[in-house]
Amino acid sequence: MVRNRKIPVYLWRRLCQLLFFALFLFLFIKTDYSGSDELEYAVNILFRLDPLLALAAIFAGKTLVALMLPALITLVFTLVFGRSFCGWICPMGALVDGAAAVIRSPQGTVGKELRPVKYYLLIFILVAALLGLPLAGYLDPFSLLVRAFSFAVYPAFDFAVSSFFTFTYLHAPDWGNAALEPVYDFLKNTVLPFSHRVYGLGLLSLLLLALVLVLNHWQRRFFCRNLCPLGGLLALVSRFSWLTAHGGDEQCGKCRQCRAICRMGAIAEDRRISPADCNLCLDCVALCPRNRIHFSFRRPQPDAVSSGMTRRAFAGTVATGALLPLFLPGRPLTRRPDPLLIRPPGALAEDEFLGRCVRCGECMKVCIGNALQPALLEAGIEGMFTPLVRSRIGYCEYNCTLCGQVCPSGAIKKLTLPAKHAVVIGRAFFDKNLCLPYAKGIPCIVCEEHCPTPDKAIKFRPQQVVNARGETVTVLQPFVVDELCIGCGICENKCPLPGRAAVRVTGEGQTRQAGLTLSGG
Amino acid sequence: MDRRQFIKDVFLWSAGATLAVPQFRIIPSALAAERPQPLLSVAKGADYAALVSRVLAPLGGMGQFVKSGDKVVIKPNMGWDRKPEQAANTNPLVVMALASLALQAGAGKVLIFDRSCNEARRCYANSGIQAALAGLDDRRLKIDHMDNRKFVPVQIARGKSLTSWEIYKDALDADCYINVPVAKHHGLSRLTLGLKNSMGVIGGNRGDMHHDLGQKLADLATVVRPKLTVIDATRILLRNGPQGGDLNDVKQLDTLIASADPVAADAYATTLFDLQPADIDSTVAAYNMGLGEMDLAKIKVLTA
């Protein structure tokens, strides 16, 4: 690599990537209860800056989502600076670049040209979103990244660190622990989660992220070049950007060093730089032996590089995006939603919710009870990774409103505490074949103890029963008062039975889904 | 060999043995000794900081319980994500005053913790106890979240219903363990007082305790043994316990009860709810095991 007299500009770029990645990690860790009911940082800002998710949410909801207005900043930024968002800011881009240190890729542009795929994906996602099939969250780089970090990377990191310090706590000599325990305390107070977390779909989320990184093996920034629908959107805008790259021309002779090192494959055979592909990493500027490559602010040239889309494929993509949603209502879940599909408090009605939710995993990361888990197929295949409450794993904390605070798209409304207390997310039912006071004449009512409504939704009455030993005993038998139960699930969570809980929450009576109530009230 | 030494020995020993499970055995004979008439102090007043000093005075003050350099554990009830006025947790002013007195008595270390039912950080914060203690600003004082590594299996030799359980190490090896429950209603046990508050230092699936709860709490009281019990009845929760939430269920009494006898403290506190000591299973079971006095006529009540 050629050494320049001053600090090469690509070092600034690397520093910038590092800083934004650090900022991403900081906000990720801060996506947590902080000691007060309100979060102190706009931890979801990354998603609100994402114009792909903004468009998808707006198309799905057919309404302007004010929360997502910051996405305009990214669009304007791109109009001025081209795809430098991808090269300098995007944390996924930084990770992909970082992975290149381990996953080597061939130099320059090799293999099949898959560049238009990201445009097709973008168009497909937007058309489908408009017609009722929300898919943006599955390929959005931030959603992919945060899901993998929330569900897999962070819990694994926690497990590794905690295991180490548990081992030393048990086996290290006193002087060792005198040194190590303060380190553990420090980590617990800074980077580790407060309590151990569990998540469904962790391995799948990790696999998807790993795939994005492994694709580097075939092309550098394979995902960013070819697949990223956000990259595709920014690429379309970049074609009109003011800051444009000026590459070489015939005078360069046989030199094509810039083309060989371009991580985006943005430099053509004739050494012209495509503004739609260049992410302004500036490697070529430092490398060019003749210092011919430079960037300048200039009105866009009309003869911008072609997107590479064909008319036929474009039409096919639009048609697929338009037709696929037609196959959704024909599924059984249209008639009978999954009874275990319990959404977080403040979630919009199901269709609206699915359209708005960007599958970012923020609500599940922040959920103080670890109650919110990624759905598998409960909401249909397009509902995968959307949040639902699994009470046996964690319950919805009565006085907590964090999920609504972090949702970047308003799929979960931000609720005041009194409003949250009034939202019914489901309702508890007793299984008298399992419940100890009913089934075995054994005293229990742990559920009643934990029921959080000021006028408890779980009450009890004394009842004489014959227990397993044939003795007549008086036990307190619990029951649910429907009008008081909000479905928080603490009863199911704390039920002391080792296996299946004897009190379980189903989606009946949800405030957001009028009509799913037994009594109509 | 005393208990503390034994705990230390076990930990040193287990440092070398990977799979060994440390176990505690509390010698039953030490618990069975005849006791003199138990003293119990009751005080009433609106200045809670002063009230704590007043209620301890007839018992000899905090110096009677905390010696210089002692490792002190103060165990309030802060198990619920509720505000102080909702009476689900111990009054933060009472906890703060006790901590302050223990520090003044020369405690080497004062630890405060509870295994909460709601999310721990919310409980510590919203009970008001965390903020109150921060106000004391003393490096010897620490409000700690429970550390899962510190639950150790304990054999409960005298236990009739509960013969072994995981108990928090810091609670076991304190020089002075001060139990500070709030007096309140509880569906299953009718009231939760001192003995029930000890459930905040045990690990495992606590729901299992609810089968034969009274006897199990008495069994637990044979190994978790406060030197001092201070029952917070500055305001009590009459209904919808143990977490309440409705201020109409709260009654202000401005009262504190203190005793070195955990059973006597519970027995007396029962009367605040117009109940008799015999109405509370854990009190009766503990009395029957010789852990303290429940006969109000045999308790010397000192009004401070």
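Predicted model: local features only at pLDDT ≥ 70, side-chain atom pairs only at ≥ 80, totals over all residues.
Colleague: Where should I begin with the second largest pocket, and what is its volume?

Modeller: Begin with the volume, which is about 800 Å³ for the second largest pocket. Then turn to the lining: 34 residues line this pocket. Those nearest its centre are Leu333(A), Thr334(A), Glu350(A), Asp351(A) and Leu354(A).

Colleague: Which helices of chain A each supply at least two residues of that lining?

Modeller: They are α3 (51–61), α17 (332–335) and α18 (350–356). The largest share comes from α18(A), with five residues.

Colleague: Glu350(A) was among the residues nearest the centre. With which residue does Glu350(A) form a salt bridge?

Modeller: A salt bridge calls for a side-chain nitrogen of Lys or Arg within 4 Å of a carboxyl oxygen of Asp or Glu. The partner of Glu350(A) is Arg512(A), and their closest N and O atoms are 2.8 Å apart. This pair links distant parts of the chain, 162 residues apart: Glu350(A) is in helix α18 of chain A, and Arg512(A) is in the segment after β8 (503–506) of chain A.

Colleague: Why does Glu350(A) count as buried?

Modeller: The cut-off for buried is under 20% relative accessible area. Glu350(A) counts as buried because its relative accessibility is 11%. Arg512(A) has 17%, so it also counts as buried.

Colleague: Is Arg469(A) buried or exposed?

Modeller: Exposed means over 50%, and partly exposed lies between the two cut-offs. Arg469(A) is at 68%, so it counts as exposed. It forms a salt bridge with Glu471(A), where the closest N and O atoms are 3.3 Å apart. Glu471(A) has a relative accessible area of 35% and is therefore partly exposed.

Colleague: What about chain B: which side chain meets that of Lys71(B) in a salt bridge?

Modeller: That of Asp173(B), with 3.1 Å from N to O. Lys71(B) lies in strand β3 (residues 71–76) of chain B, while Asp173(B) is in the loop between α6 (169–172) and β8 (176–180) of chain B, so the pair ties together parts 102 residues apart in sequence. Lys71(B) is buried at 16% relative accessibility, and Asp173(B) is buried with a relative accessible area of 12%.

Colleague: How many salt bridges does the structure hold over all chains?

Modeller: It holds 34. Salt bridges can also be read as a network: Arg13(A), Asp97(A), Arg221(A), Arg263(A) and Asp283(A) are linked in one.

Colleague: Which residues make the nonpolar surface patch of about 550 Å²?

Modeller: Ile7(A), Val9(A), Leu11(A), Trp12(A), Leu15(A) and Leu19(A) make this patch. Take Leu15(A) as the case to check. Its place is in helix α1 (residues 9–29) of chain A. Leu15(A) counts as partly exposed because its relative accessibility is 43%.

Definitions and conventions: Residues numbered from 1 in each chain as written. Chains lettered and ligands numbered in written order. Heavy atoms only, no water. 1 Å grid on protein atoms, 1.4 Å probe; cavity = no way out; pocket = protein on both sides within 12 Å on 5 of 7 lines; lining within 4 Å. Points joined across faces, edges and corners; volume = space filled by probe spheres on them. Helix = DSSP H or I, 4+ residues; strand = E, 2+ residues; numbered from the N terminus. Patch = residues over 30% accessible without salt bridge, like charges linked within 9 Å, V, L, I, M, F, W, Y side chains within 5 Å. Areas by Shrake-Rupley, 256 points an atom, 1.4 Å probe, with all protein chains shown as cover. Buried < 20%, exposed > 50% of the residue type's maximum accessible area, 1.4 Å probe, protein only.
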